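Me: I would like to learn how to read helix packing and a sheet in a model. Could we work through one case?

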Amino acid sequence: MAKTPPSRLAVAASLLILAQAAFAQDKIPVKFGKVTPQDFAVTANALDSAPAAICVADFGTSSFEGNTQGWFTLIFRHSCRMKILKKEALEAATIEIPLYISGRDAEKLENLRAATYNLEDGKVVETKMDDKSVFTTQLDKNHTIKKFSLPGVKEGSIIEYSYTQTSPFLFNLQPWAFQREFPCLWSEYQVDMPNFFQYVTLGHGFVPFTINTTDTRNVTFRLTIPGGAERSEQNNFDDNVVTHRWVIKNVPALKPEPFTTSISNYVARVEFQLSRYSFPNGYTKNIMGNWSSVSEELMKADDFGADLDRNNGWMDEELAGITKGATTQLEKARKIYNFIRDNFNCTAHNRLYTDNSIRTVYKNKAGSEAEINLLLTAMLDHIKIKADPVILSTRANGFPNELYPLLSRFNYVISQVMIDSSLYHLDASEPWLGFGKLPGRCYNGYARVLNKENPSAVSLDADNLMENKMTLLILNKDDKGGLTGRLQTTPGYEEACAIRQQMKKSGMDEFLKGLQAAHQGETSVSNLEIDSLQRPDDPLAISYDISITPEKDADILYINPMMGNELKENPFKAAERKYPVEMSHAMDETFTLTMEIPDGYLIDELPKSAKVSYNEDEGFFEYLIVKSGDNIQFRSRVKLAKANYKPEDYASLREFFGYIVKKESEQIVLKKKKA
């Protein structure tokens, strides 16, 4: 039987249904302020099998409006709905909103509404937040926090809040994070951007946009120019406005991973930097500038580099005493560095700008890392040693932007010194750092050298840091049927710094307890000695005695040839990873053991030697063990030539370390000889 072709009406109806479905998928799936019993059934199983909370919808808009001061105001509106599933997510019902202040101008929070919804006996019960629940905290002269907690929140509650934030600061176009601690079913941000304000838009993260559209329309802007005693003037003009719309549906929760400098580097987000004014009347103004102009401004700024350009004659007598006996530029630089490092207390390690002059810092013998290192730079420069400040972003602070001079991304200052064609990077803010060394937090890639002549980029890359560690242990048989020996190890510089800090905090006894905890059963450690502990410029040398005493009448003796130095678990536990792996250094660690076989025992089992490569020439693991007469010779070596790896390298890196863990857990089995 022939099929009857569908009528035009049926085809049209089908297309209408499809269009409506597509349209529905294009719109935010909730109506804020209206919660039904059905809304409590929402889940995020496809994103997370057991989340503590779900962000049902997060919606924001930013736009520009003419104001009564003859200029423009930024209007940011934000609405959010979340469902609390577990007690550990109750803190999500406490919201903090940062606001910026400069002089008499300030951002304002308006139209704040917040409510909690609970399902009781099949009915939705709403509890509105009282205005008295909003608190203001002054962080510093430029920042306040509005904080509020929603009432009546418990497991199963739905919370909603919305507010409007007005800002006279056009540089503060609000960024938007699509990812948060909890999974989000719908995250949307719209920005109406006039052509006369030009912003650089910076996108981040690995989660793709579900919707990414632009739409242009013509808008009339109305500005009121105050007339004082005269009548105010109304100024209207038209220009195109581009509406950018970004939506991500079913956003997975942001989950921190080990070996990540800062998870903020990989949050799915957009942010903005004001670049230029370009008005229809022909008036233009560059706002962002370039590194030459930014460097010049910073070097003149009272809260950064102005002191470096002053005579600083007060230093003459001080420097004469500090550098006494030094004959070369390098010797003088070392003496100045050591003096500041050993005599000044660092009050903060996350400052770009200064609060005090370098003379005040010298007098108080205290300051932030920026103040201490700018003082170091000034003192070196005062005796004609070429020294420049370097600004960077620490690893925990996230990556700075390499394309644009965005100073808000930087939070740390060190000094760069040139002596006899050799370059040194110095940080005098830590008592355990040697000359020419930096703390691991500074190795975050891109940094900027600031000076008047030639501001330039410098790379402080963890790939260039190689941690070399050598450990040697010789075990000789004793007259009790056991083994005794002395272990000697020279840790890499980063580990040595950590040990120096630990010693200052906890002392030798606690360190020895940690060594003992790494050993099991019949093994004990004693007589700990640490050389060069108070000399940060010298390598650290650690030695201690190891003794292995078998239990009486024990027929079998198990000995791990790594002697407590084995890698006990794989640092890469997750089955997959979306972020790069960012270790703090490359590594080359060697452990060597020479061991006599105790009297009365013979070898029952000996691990097999093995060697595996990682990505051909990027590293290897070597495990060599042989019996030679009454001795066992053993060597383990792990080498990785770089610190940073792409997400696609994760599986092989996890497999590589998994093999190391398995191999280093193998034991020598000694069996008592039969009489």
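Reply: This is a predicted model. Start with a helix pair: the axes of α3 (residues 315–322) and α6 (residues 369–382) cross at roughly 85° and come within 11 Å.

Me: How are α3 and α6 oriented to each other, roughly parallel or roughly perpendicular?

Reply: Angles of 65 to 115 degrees count as roughly perpendicular. α3 and α6 are therefore roughly perpendicular to each other.

Me: Which residues meet where α3 contacts α6?

Reply: From α3 come Met315, Asp316, Leu319 and Ile322; from α6 come Leu375, Ala378, Met379 and His382. Sorted by class, this contact has six nonpolar residues, one polar and one charged.

Me: Now the sheet. In what order do the strands of the open sheet run?

Reply: Read across the sheet, the order is β26-β27-β25-β24-β30-β34-β33-β32, eight strands with mixed pairing. At the edges are β26 (523–531) and β32 (610–614), each pairing on one side only. Neighbouring strands are turned by 10° against each other on average, direction ignored.

Me: How many bridges join β24 to β25?

Reply: Eight bridges join β24 (residues 466–477) and β25 (residues 483–490), and the two strands run antiparallel. Within this pair, Leu473 stands opposite Leu487 of β25.

Me: Which strands does helix α7 touch?

Reply: Helix α7 (residues 493–506) packs on the sheet and touches β24, β26 and β27 (541–548). The direction of α7 makes about 75° with that of β24. Helix α8 (residues 508–517) also packs on the sheet, touching β26 and β27, and its direction makes about 140° with that of β26.

Conventions. Residues are numbered from 1 along each chain as its sequence is written. This is a predicted model: local features need pLDDT of at least 70, side-chain atom pairs count only at pLDDT 80 or more; totals for chains, interfaces and linings use all residues. Side-chain values use heavy atoms; hydrogens and water are left out. Two strands pair if DSSP finds at least two bridges between them. Helices (H or I, at least four residues) and strands (E, at least two) are DSSP runs, numbered from the N terminus. Axes are lines fitted to C-alpha atoms, for helices over the stretch in contact, and angles run from 0 to 180 degrees between N-to-C directions. Contact means heavy atoms within 4.5 Å. Angles under 35 degrees count as roughly parallel, over 145 as roughly antiparallel, 65 to 115 as roughly perpendicular and the rest as oblique. Ala, Val, Leu, Ile, Met, Phe, Trp, Tyr, Cys and Pro count as nonpolar, Asp, Glu, Lys and Arg as charged, and the others, Gly among them, as polar.
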